[in-house]
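Hi there,

Here is the structure I said I would pass on to you. Please have a look at it first, and then read my notes below.

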Amino acid sequence: METFRFQPGETPILLSIPHVGTAIPPDAAAGMTEAALATPDTDWHLDRLYHFAPALGIGFLKATCSRYVIDLNRDPAGAALYAGADNTELCPLSTFDHQPLYRPGHEPDVAEVQRRIDTYWRPYHETLQRELQALRDRFGVAVLFDAHSIRSEVPRFFQGTLTDFNLGTADGATAAPKLVGRLMNVLAATGTYSSVLNGRFKGGYITRAYGKPDEGIHAVQLELSQRTYMDEAPPFRYRDDLAGDVRPLIERLLGAIAEWARERTRAARVAV
């Protein structure tokens with residue numbers, strides 16, 4: 001079973017979409033509930049929203065399996081993403097609305113969790129790490145853009161309505177301040193969408209693990225409110241009218257990254 005899709009690009013930018021998959025292999029599905037098989041917590045349609053990226057020379061890596069099988073944005077050792085908060089597990093046991101994902105007695109045991117790490121988690125991350133290093137070696141700099149989306153209201157994780165654009169850099173640890181400043185300037189220039197830096201979503205495991213500015217690899221996470229481009233209720237319909245408005249702003253974000261990366265590449269060549 002194909003677990004992810006990867007297409008290399010021609011720029012220093014790599015787009016990662018780890019939660020867009022909906023596939024659940026039969027061995028996992030056999031023990032799951034109806035709520036799980038509906039995969040409501042998918043980052044719906046993000047590959048469609050970002051379909052312009054390859055034409056800009058941006059490489060992409062996207063999961064095909066559901067986050068309910070294993071969460072590619074979690075620590076394989078099981079460490080909590082946000083200390084003291086209500087976190088979902090590496091192999092989640094409940095939906096965002098606290099509905100059980102498994103019928104009683106069918107939850108994955110330690111051996112099954114390790115099998116899923118080896119089968120699904122590790123190949124995705126090996127590809128991610130290898131490509132980022134290759135981009136850094138080729139261009140002198142690499143930028144990982146980790147794309148996510150979530151319902152605008154999820155009481156389990158935050159109160160009220162979520163900001164539209166939630167940019168995360170682990171409180172400044174995963175990307176150069178000047179790069180992040182440019183991205184926030186792009187977001188601030190819009191009068192339509194709200195934005196915040198390192199608010200409720202500061203970047204998950206992927207951003208924190210691979211963002212190493214001192215080594216020339218920068219990482220940012222965008223958690224996008226789903227109300228900006230789709231219907232948040234089943235059947236989770238993609239909205240061309242909404243997406244048509246928000247996509248240009250996402251393109252400007254990636255364009256700002258590309259320009260910053262070009263400047264860094266030129267500076268590195270001059271220094272040599």
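Strand E3 (residues 59–63) is mostly covered, with five of its five residues buried; buried here means under 20% relative accessible area, exposed over 50% and partly exposed in between, with a 1.4 Å probe and protein chains only. Gly 59, Leu 61 and Ala 63 are buried on one side of E3, and Phe 60 and Lys 62 on the other. Helices (H or I, at least four residues) and strands (E, at least two) are DSSP runs, numbered from the N terminus.

Before going on, a word on the basis: this is a predicted model, in which local features need pLDDT of at least 70 and side-chain atom pairs count only at pLDDT 80 or more, while totals for chains, interfaces and linings use all residues. Residues are numbered from 1 along each chain as its sequence is written, and side-chain values use heavy atoms, with hydrogens and water left out.

Back to E3 and its partners; two strands pair if DSSP finds at least two bridges between them. Strand E1 (residues 4–7) runs antiparallel to E3 and is joined to it by four bridges, with Phe 4 partnered by Ala 63. Strand E2 (residues 13–17) is parallel to E3, again with four bridges, and there Leu 15 stands opposite Phe 60.

Lys 62 counts as buried at 13% relative accessibility, whereas Asp 47 is partly exposed at 31%.

How many salt bridges does a search of the whole structure find? There are 22, a salt bridge being a side-chain nitrogen of Lys or Arg within 4 Å of a carboxyl oxygen of Asp or Glu. One of them joins Arg 122 to Asp 118, with the closest N and O atoms 3.3 Å apart. Both residues lie in helix H4 (residues 110–139), four residues apart, about one turn of the helix. Another pairs Asp 241 with Arg 239 at 2.8 Å between the closest N and O atoms. Salt bridges that share partners also join Asp 27, Glu 112, Arg 115 and Arg 116 into one network.

Finally, helix H5 (residues 177–188) has 12 residues and should span 16 Å at 1.5 Å a residue, which agrees with its end C-alpha atoms being 16 Å apart; the expected span is 1.5 Å times one less than the number of residues. Leu 179, Val 180, Leu 183, Met 184, Val 186 and Leu 187 are the buried residues of H5. Seen down the helix axis, they fall within an arc of 155°, so they line one face of H5; the arc is that of the directions from the axis to the C-beta atoms. Pro 177, Lys 178, Asn 185 and Ala 188 are exposed on the other side of H5.

Best wishes
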